[in-house]
Amino acid sequence: MKINCLVVEDEPLARNLMTAYIEKVPYLNLLQACSNPLDAIDFLRENPVDLLFLDVQMPEITGITLLKILQKKPLVILTTAYSEYALEGYEHDVMDYLLKPITFERFLKAVEKAHARLSNASSNTIIQEKVVNPSDSVQPFIFVKDGTKLVKIKLNDILYVEGLKDYVTIHTRTQKVVTLQRLKTLEEELPENKFIRIHNSFIVAFEAIEAIEKEKVQIGSVFIPISDTYRKSFKDFIDASNLSK
C-alpha cells in the first residue's frame, strides 16, 4: 500500500531532510511539503492525507495548535528539537515523536509503525450492520477481530471500552474482547448518541452509567475517571439528553 504524506516544517534544511527520507521509502508518497501550518490547513481541506509529519515550533501557529484545529486528522508524527512537547503530543493521539536531529533509522522506525497501523486498519475494519426487529427499531452490531476470529458484538451489550496503546478492550455484559486497533478508530465507528468518550483511555455506553460524580462515572462495580479534556463535552452530552434536569 502507498501512504500519502504531508510535511509541515518551516526550516528549509529540516524540510529537505524529511523530503529526502520520504523518497527513500518505497511505500511513502510525498504529496506536499509546506513551510507553514496555514498552507497545510488549505492543503488538507482538499487532499486526503494518510500521514502528517508535523513540526511543533513554527510561526503563526504551533503544530500542537494545528492538531487542535483539524477536524479530521491523519496519522501524525511530530518532529521537534524540544522533548517537552512529547507528552502533549501523545495526548492528541500522535503516532510517534521524532526528536531533532532525526536519523534515518529513527525515521524508518516511526514510519514502520504508521505502515503497520494503516495496514491493520484496512484489514481489521469494523463492519457495522443493521437488523430491523419487529418494532422497526434499528439494532446495530459490530464485528471486531479477536486473534484469528471475528467476534460479533451487539452495541446494546457494550458497557465501556478501554484503550491501551494499539489495543482496545471492549467490556460487554457477558465478555471482554481484546482487539488490535486504536481507541480513536473505534470511537469514530460507535454511534454518537449512545457512546461518549470521557477520558483518553475510556469510552462509555451512556445507558450503562449508573451514577455520575464530579470526576468519575460508575458502571456496575467499576469507577471510570472523567478527565479534564472531556469534562465539558460530557456535560454537554448530559445537557443535550435532558438528564441533568
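Analyst: A cavity is a set of grid points where a 1.4 Å probe fits but cannot get out, and its volume is the space filled by probe spheres set on those points. The model shown here is predicted. In this model the largest cavity has a volume of about 80 Å³.

User: What does rolling a probe over the atoms show in general? And how many cavities of 30 Å³ or more does a search of the whole structure find?

Analyst: A probe the size of a water molecule, rolled over the atoms, shows where empty space is left. Here the search of the whole structure finds one cavity of 30 Å³ or more.

User: Which residues line the largest cavity, and how do they divide by class?

Analyst: The lining of the largest cavity consists of Leu155, Asn156, Ile158, Arg173, Lys194, Phe195, Ala205, Glu207 and Ala208. By class, five of these residues are nonpolar, one is polar and three are charged.

User: How does a pocket differ from a cavity in definition, and what is the volume of the second largest pocket?

Analyst: A pocket is an open set of points, whereas the probe cannot get out of a cavity. The second largest pocket has a volume of about 150 Å³. Its lining is made up of Ile212, Glu213, Lys214, Ile226, Arg231, Lys232, Phe234, Lys235 and Ile238. Four of the lining residues are nonpolar, none is polar and five are charged.

User: Which helix gives the most to the lining of the second largest pocket?

Analyst: Helix α7, residues 228–240, gives the most, with five residues. Glu213, one of the residues lining this pocket, also forms a salt bridge with Lys216, with 3.9 Å between the closest N and O atoms. Lys216 counts as partly exposed because its relative accessibility is 32%. Glu213 is likewise partly exposed, with a relative accessible area of 43%.

User: How should I read salt bridges, and to how many does the count come?

Analyst: The cut-off is 4 Å between a side-chain nitrogen of Lys or Arg and a carboxyl oxygen of Asp or Glu. By this rule the count comes to 11 salt bridges. One of them joins the side chains of Asp96 and Lys113, at 3.5 Å from N to O. Asp96 lies in strand β5 (residues 96–99) and Lys113 in helix α5 (residues 104–123), so this pair ties together parts that are 17 residues apart in sequence.

User: Which residue forms a salt bridge with Arg117?

Analyst: The partner of Arg117 is Asp166, and their closest N and O atoms are 3.7 Å apart. This pair links distant parts of the chain, 49 residues apart: Arg117 is in helix α5, and Asp166 is in the loop between β9 (158–164) and β10 (167–172). Arg117 is buried, with a relative accessible area of 14%, whereas Asp166 is partly exposed, at 31% relative accessibility.

User: Where is Asp55 found, and which residues does it touch?

Analyst: Asp55 is found in strand β3, residues 51–55, and counts as buried at 2% relative accessibility. Leaving aside residues up to four places away in sequence, Asp55 touches Val8, Glu9, Asp10, Gly63, Thr79, Thr80 and Lys100.

Notes
Residues numbered from 1 in each chain as written. Predicted model: local features only at pLDDT ≥ 70, side-chain atom pairs only at ≥ 80, totals over all residues. Heavy atoms only, no water. Helix = DSSP H or I, 4+ residues; strand = E, 2+ residues; numbered from the N terminus. Buried < 20%, exposed > 50% of the residue type's maximum accessible area, 1.4 Å probe, protein only. Contact = heavy atoms within 4.5 Å. 1 Å grid on protein atoms, 1.4 Å probe; cavity = no way out; pocket = protein on both sides within 12 Å on 5 of 7 lines; lining within 4 Å. Nonpolar A, V, L, I, M, F, W, Y, C, P; charged D, E, K, R; others polar.
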